[in-house]
Amino acid sequence: MKRTGVAVAALLLSGAALAQFQGQAPVAAQAPAVVVNQAVGEAEVRAAQQAWCQALLDIGNAYKQGGQGAAKALAEQVIDSAYGYQMGAVLFKPTLTVNPQTFRTTRAGALAYFVGGDPAFPKDTGFALKGWSQCQIANAAIFIAGDSATSMGKVHFTGKDGRVTSVDKTWTFVKDDAGKLRIVVHHSSLEYAGG
């Protein structure tokens, strides 16, 4: 019976404690376990939103300094970095699009929206090329669920004439395999004017 008690105690003890109980030298500590946590944090969402605003302004500045080619090159980098087109279709409904090209589920459609110049999208003049001087986020709410987050609210764009255009915007972000937030839903529309 005494041996059974010792066996149970040995099972309950581990590592250094078991070694000390048995009168042996403690076992060396192992490296910490790898923890994979794909949960999205609020700070990550806000940082991704601010990065989107800054990228929009940067594309406009690239256009002013280097023309269409410079703006397009930067816009390609931004789209590849911020959106999830490499994961599949992105559910992107930009602010200033019309039928039959309202929705931009492909990278080419998003690029045309931001910088224009694509004959396949003849009505696109380049939203990022409009000379915006400021872009400000005003979230109504952010809903975080595990490895995804959805935000809804206003984005206020200040034009070169100082006038502010406000849009209603919803983004959904998910983490890719590298743990980077990607936009997979982007819906934007002008505020309802009433009437």
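Predicted model: local features only at pLDDT ≥ 70, side-chain atom pairs only at ≥ 80, totals over all residues.
R104 lies in the loop between strand 1 (91–93) and helix 4, whereas D124 lies in the loop between helix 4 and strand 2, so the pair ties together parts that are 20 residues apart in sequence. R104 is buried, at 2% relative accessibility, and D124 is buried as well, with a relative accessible area of 9%.

## Other salt bridges

The count of salt bridges comes to eight. Side chains of opposite charge can pair when their charged atoms come close.

One of these bridges joins R107 to D80, with 2.7 Å between the closest N and O atoms. Because R107 belongs to helix 4 (residues 107–115) and D80 to helix 3, the pair ties together parts that are 27 residues apart in sequence. R107 is partly exposed, at 31% relative accessible area; D80 is partly exposed, at 37%.

Another salt bridge links K154 and D168 (2.5 Å, N to O). K154 lies in strand 3 (residues 148–158) and D168 in strand 4 (residues 164–175), so this pair ties together parts that are 14 residues apart in sequence. Salt bridges that share partners also join E76, D80 and R107 into one network.

## The disulfide

The whole structure holds one disulfide. It is formed by C53 and C135, whose sulfur atoms are 2.0 Å apart. The link is left-handed, with -55° about the S-S bond. Since C53 lies in helix 3 (residues 42–82) and C135 in strand 2 (residues 134–145), the pair ties together parts that are 82 residues apart in sequence. Both C53 and C135 are buried.

Notes: Residues numbered from 1 in each chain as written. Heavy atoms only, no water. Disulfide = S-S within 2.5 Å. Helix = DSSP H or I, 4+ residues; strand = E, 2+ residues; numbered from the N terminus. Buried < 20%, exposed > 50% of the residue type's maximum accessible area, 1.4 Å probe, protein only. Salt bridge = Lys/Arg side-chain N within 4 Å of Asp/Glu carboxyl O.
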